[in-house]
Amino acid sequence: MLSTRRLQLLVALARTGSIAGAAAAAGCSAAAASQQLSALERETGADLLERSARSVRLTGAGELLADRARVILADLEAAERDLALAGTTGGGRLRVGSFATATRLFAAPALGALRRRHPGMRISFTEVEPEAALDAVRAGELDVAVTHHYPVLAAPDTHGLRQVAVCADPLLLAVPAHLARSDSTAADVRDFAGADWISTRPDRGFQALTELTAEAAGFRPRITGRTVGYVALLDLVAAGLGVALVPELAAAPRPGLRLLDIVTPAGLSRTVELTSRAADRSPAVSAFHAEVSRRVPRAATAIRKPRGGAGGPG
């Protein structure tokens, strides 16, 4: 490995035309500079300097190495500047992943606030489901991800990760308006044992939750519709094709739909958290944590609208 100190002397020699000039630029004596340049020749196994009694100049090999050294030293200086900036919020890099609902409600607004406050921050974003997000954070492909998990399902592997809970997201029962009493704001899942059920696809993980919830209530759900996400799921319920569980944060009201709190089984909820690597104390990640924490209460309040009425958007 070539010494950067010696490369700096070679570049200074090419610029000043003398060992004395190179020594002055490097802040050392001419004798020390001469010794270091001789050591560089030994390291490279090439004659880099043509010395005479009164002058010294670079050989062809010396000029070639000096050209390469300029690039190497410039890259090192840039790396040092980047590292210094990385220790600050405004100059850091932030790679964020999030599932769709959290993106809309608080991840995207938080990133927008950071971009306005810190225009030099290098921000990138990926929409990703929690299972894949955990692997991406662990592999260093993401710095932080908004994830969630359901306590009734198997806990994910979080080895090497740090998770900070930001909110609890209770499950609601989405019901076609004609199946719910006009004065009802709550539901017992057992009352819908004979109904058709809508769920997300098995590869999304939510169908297992639907099945476990129904089994806890004493019946096996008849799942007749499967969707990729909650928008289509709620559309199918509003069309009268079945009932469905839906997280409150994803429960957008629409005509023909009733959203009911679930009283039995009790305590159905998912935990939304921010996941990062346990050893990562990046200021940019900390700033994202703070922005999300400020926005979660507002997002949750906006979602918790009255359940009454005939399923209109109010």
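Modeller: Let us begin with Trp197, which is buried, with a relative accessible area of 1%; buried means under 20% relative accessible area, exposed means over 50%, and partly exposed lies in between, with a 1.4 Å probe and protein chains only. Before going further, please keep in mind that this is a predicted model, in which local features need pLDDT of at least 70 and side-chain atom pairs count only at pLDDT 80 or more, while totals for chains, interfaces and linings use all residues. Residues are numbered from 1 along each chain as its sequence is written, and side-chain values use heavy atoms, with hydrogens and water left out.

The partner of Trp197 in an aromatic pair is Phe219, and Phe219 is also buried, with a relative accessible area of 12%. A pair of aromatic rings is described by the distance of the centres and the angle of the planes. Rings of Phe, Tyr and Trp (for Trp, its six-membered ring) pair if their centres lie within 6.5 Å, and planes under 30 degrees apart count as stacked, over 60 as edge-to-face and the rest as tilted. By this rule the count comes to one aromatic pair: Trp197 and Phe219 are 6.0 Å apart, centre to centre, with 40 degrees between the planes, and the pair is tilted. It links distant parts of the chain, since Trp197 belongs to strand S8 and Phe219 to the loop between H7 and S9, 22 residues apart. Helices (H or I, at least four residues) and strands (E, at least two) are DSSP runs, numbered from the N terminus.

Now to helix H7 itself, which spans residues 206-216 and in which Phe206, Gln207, Leu209, Thr210, Thr213 and Ala214 are buried. Seen down the axis of H7, these buried residues fall within an arc of 160 degrees, so they line one face of the helix; the arc is that of the directions from the helix axis to the C-beta atoms. Among the elements that cover the buried residues of H7 are strand S8 (196-200), strand S6 (161-176) and strand S9 (222-227), together with helix H8 (230-238) and strand S10 (244-247).

How values were computed: Contact means heavy atoms within 4.5 Å.
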